[in-house]
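The paragraphs that follow lead through one chain, from single residues to the packing of its elements and back again. Please keep the sequence and the model side by side while reading.

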Amino acid sequence: MPRIALVTLAVCVLAVAAAVVSFVQGSWLGIIWVLLAGLTSNMTFLAIRRGRAAKPGGGTGSVTG
């Protein structure tokens, strides 16, 4: 797993925890944390896909030639 994927995964987990804490305290600021968690989860997914595609073989499963 690429390092950037690990960083974005950690930020995603922390954002979810912050959202839970915000909503438990009754703050609507948790919506911002939920949006940040969604953004970072997409970044994690794309980083993992990019890392797999960069490996030899391309990770596409297509056979040419």
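A residue is called buried when its relative accessible area is under 20%, exposed when it is over 50%, and partly exposed in between, with a 1.4 Å probe and only protein chains taken into account. This is a predicted model, in which local features need pLDDT of at least 70 and side-chain atom pairs count only at pLDDT 80 or more, whereas totals for chains, interfaces and linings use all residues. Residues are numbered from 1 along each chain as its sequence is written, and side-chain values use heavy atoms, with hydrogens and water left out.

The chain contains 2 helices and 0 strands, where helices (H or I, at least four residues) and strands (E, at least two) are DSSP runs numbered from the N terminus. Of its 65 residues, 17% count as buried. Its accessible surface, computed by the Shrake-Rupley method with a 1.4 Å probe, comes to about 5100 Å², and 71% of that belongs to carbon and sulfur atoms.

The axes of helix 1 and helix 2 (residues 30–54) come within 8 Å and cross at roughly 160 degrees; these axes are lines fitted to C-alpha atoms over the stretch in contact, and the angles run from 0 to 180 degrees between N-to-C directions. Helix 1 is therefore roughly antiparallel to helix 2, a term that applies to angles over 145 degrees. Residues that take part in this contact (heavy atoms within 4.5 Å) include Ala15, Val16 and Phe23 of helix 1 and Trp33, Leu36 and Ala37 of helix 2. The residues of the contact divide into 18 nonpolar, 6 polar and no charged, with Ala, Val, Leu, Ile, Met, Phe, Trp, Tyr, Cys and Pro taken as nonpolar, Asp, Glu, Lys and Arg as charged, and the others, Gly among them, as polar.

Individual positions show how this arrangement looks at the level of residues. Ala15, in helix 1, is buried with a relative accessible area of 1%, and, apart from neighbours within four places in sequence, it is in contact with Trp33, Leu36 and Ala37. Ala15 and Trp33 are 18 residues apart in sequence, yet their C-alpha atoms are 5.3 Å apart in space.

Leu6 also belongs to helix 1 (residues 3–24), but Leu6 is partly exposed, at a relative accessible area of 47%. Its C-alpha atom is separated by 9.1 Å from that of Ala47, which lies 41 residues away along the chain. Arg49, placed in helix 2, counts as exposed at 53% relative accessibility, and Arg49 and Pro2, 47 residues apart in sequence, are 9.8 Å apart from C-alpha to C-alpha.

Note on methods:
Angles under 35 degrees count as roughly parallel, over 145 as roughly antiparallel, 65 to 115 as roughly perpendicular and the rest as oblique.
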